[in-house]
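Here is a short report for a reader who is new to this protein. Please look over the sequence and the model before reading on.

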Amino acid sequence: MDFFHNLEFTYPIYGNVFVTVYVLVMAFAFGSIFASFITCAAWRVVRHEDWVKGHSHCDTCGHELSTADLFPIISYVALKGKCRYCGSKVPPRDLIFEILLGLLFAGTLALHGSVDAAVVAALALEMLLLGLSLADWDSGVIPDGFLVAILVVWIMTVGFRPDAQRFAMEGVIASACVGLLMAIGTAVAGKITKAKSGYGPAKLAMCLVLFLGFRGSVMAVCIGIVLGIVFALVCKSKKRKMSLAPAISLAFIAAFLFKDLLVLLGVQLPF
Ligand SMILES: [Zn+2]
């Protein structure tokens with residue numbers, strides 16, 4: 001048993017100012033680098049391009065970008081948001097997501113307070129959720145590849161949890177319940193609105209609650225229903241394809257961070 005106990009890696013980030021600042025700055029840097037990678041990957045998946053091969057290029061003049069143009073945030077600021085070759089304006093969307101994911105990574109670590117399997121899984125998921133939300137927003141489809149990647153993250157980290165067996169069991173049961181709930185919801189919504197709706201959101205929710213346990217799942221479902229209605233109304237008013245992945249992703253991240261916030265504040269949940 002000792003062997004398995006030692007596998008559980010926990011590295012507290014508070015207690016030493018240098019370590020705290022270092023870990024948070026690194027988290028921000030990694031967040032922006034991963035955002036830069038995943039926004040590009042999502043863009044290519046939507047356009048059915050090979051998402052690992054091939055150089056990035058300017059969307060206006062098609063000039064291949066050099067390594068110096070690819071630093072997240074820094075390149076954008078240095079070039080004042082313009083293409084180095086043709087001078088056309090580069091939309092700030094990627095820059096915004098690089099800053100947001102950097103802040104989210106740093107915030108996740110700050111709230112969690114230590115580097116362990118749970119937080120590594122959370123960071124990996126935040127990156128994947130950004131990618132699949134962008135892909136869904138642009139195309140109305142949640143690519144299955146992202147869902148497979150989420151399952152891989154779960155399989156690779158679940159055994160490192162201190163309460164691995166209970167955690168895995170809870171996750172699978174929560175996943176089955178949420179899946180059933182969402183499948184019924186999707187079928188009913190499809191009957192009422194007579195619009196064709198896929199089961200992508202249901203599959204995504206099933207993958208995500210694996211990471212939350214019972215309490216977190218209940219929290220995520222409650223937040224998800226509210227955000228889902230907001231996003232559905234926004235899509236309807238803008239007359240665009242229904243895209244629920246951003247709502248589900250935000251609900252999951254909120255539930256995960258809120259759980260950590262409660263632990264940090266020492267609040268006990270009544271259930
Ligand atoms: Zn250009």
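## Two helices side by side

H5 and H6 run roughly antiparallel to each other. The model is predicted. In it, helix H5 covers residues 117–139 and packs against H6 at an angle of about 180°. Their axes lie 10 Å apart.

Which residues make the contact between H5 and H6? From H5 come Ala117, Val120, Ala121, Ala124, Leu125, Leu128, Gly131 and Leu132. They meet Phe146, Ala149, Ile150, Val153 and Thr157 of H6. By class, this contact has eleven nonpolar residues, two polar ones and no charged ones.

## The nonpolar core

The largest nonpolar core has 58 residues. Inside this core, Ala205, Leu208, Val209 and Ile248 have the most contacts. Several helices each supply at least two residues: H2 (17–46), H4 (93–112), H5, H6, H7, H8 (200–209), H9 (213–237) and H10 (245–265). H5 gives the most, with 14 residues.

Leu208 shows some of the links. Leaving aside neighbours within four places in sequence, Leu208 is in contact with Ile248 and Phe252. In soluble globular proteins, nonpolar side chains tend to be buried together.

## Loop residues

Pro162 sits in the loop between H6 and helix H7 (164–193). Is Pro162 exposed or only partly exposed? Pro162 is partly exposed, because 14 other C-beta atoms lie within 10 Å. Pro162 and Ala117 are 45 residues apart in sequence. In space, C-alpha to C-alpha, Pro162 and Ala117 are 9.1 Å apart.

His48 is placed in the loop between H2 and helix H3 (74–78). Phi of His48 is near 55°, a positive value in a residue other than glycine. His48 counts as exposed because it has 8 C-beta neighbours inside 10 Å. Lys239 lies in the loop between H9 and H10. Phi of Lys239 is near 55°, again a positive value in a residue other than glycine. Lys239 has 6 C-beta neighbours inside 10 Å, so Lys239 counts as exposed.

## Confidence

How confident is the prediction, and where is confidence lowest? The mean pLDDT of the protein is 88, and 94% of its residues reach 70 or more. Confidence is highest in helix H6 (residues 144–158), at a mean of 95. Confidence is lowest in helix H1 (residues 2–7), at a mean of 47. Over residues 1–7 the pLDDT is below 50. Beyond near neighbours in sequence, this stretch has one contact in the model.

Key
Residues are numbered from 1 along each chain as its sequence is written. This is a predicted model: local features need pLDDT of at least 70, side-chain atom pairs count only at pLDDT 80 or more; totals for chains, interfaces and linings use all residues. pLDDT is the predictor's confidence in each residue, from 0 to 100. Helices (H or I, at least four residues) and strands (E, at least two) are DSSP runs, numbered from the N terminus. Two residues are in contact if their C-beta atoms, placed from the backbone, lie within 7 Å. A residue is buried if 20 or more other C-beta atoms lie within 10 Å of its own, exposed if 12 or fewer, and partly exposed in between; C-beta atoms are placed from the backbone. Axes are lines fitted to C-alpha atoms, for helices over the stretch in contact, and angles run from 0 to 180 degrees between N-to-C directions. Angles under 35 degrees count as roughly parallel, over 145 as roughly antiparallel, 65 to 115 as roughly perpendicular and the rest as oblique. Ala, Val, Leu, Ile, Met, Phe, Trp, Tyr, Cys and Pro count as nonpolar, Asp, Glu, Lys and Arg as charged, and the others, Gly among them, as polar. A nonpolar core is a set of buried Ala, Val, Leu, Ile, Met, Phe, Trp, Tyr and Cys residues joined through C-beta atoms within 7 Å.
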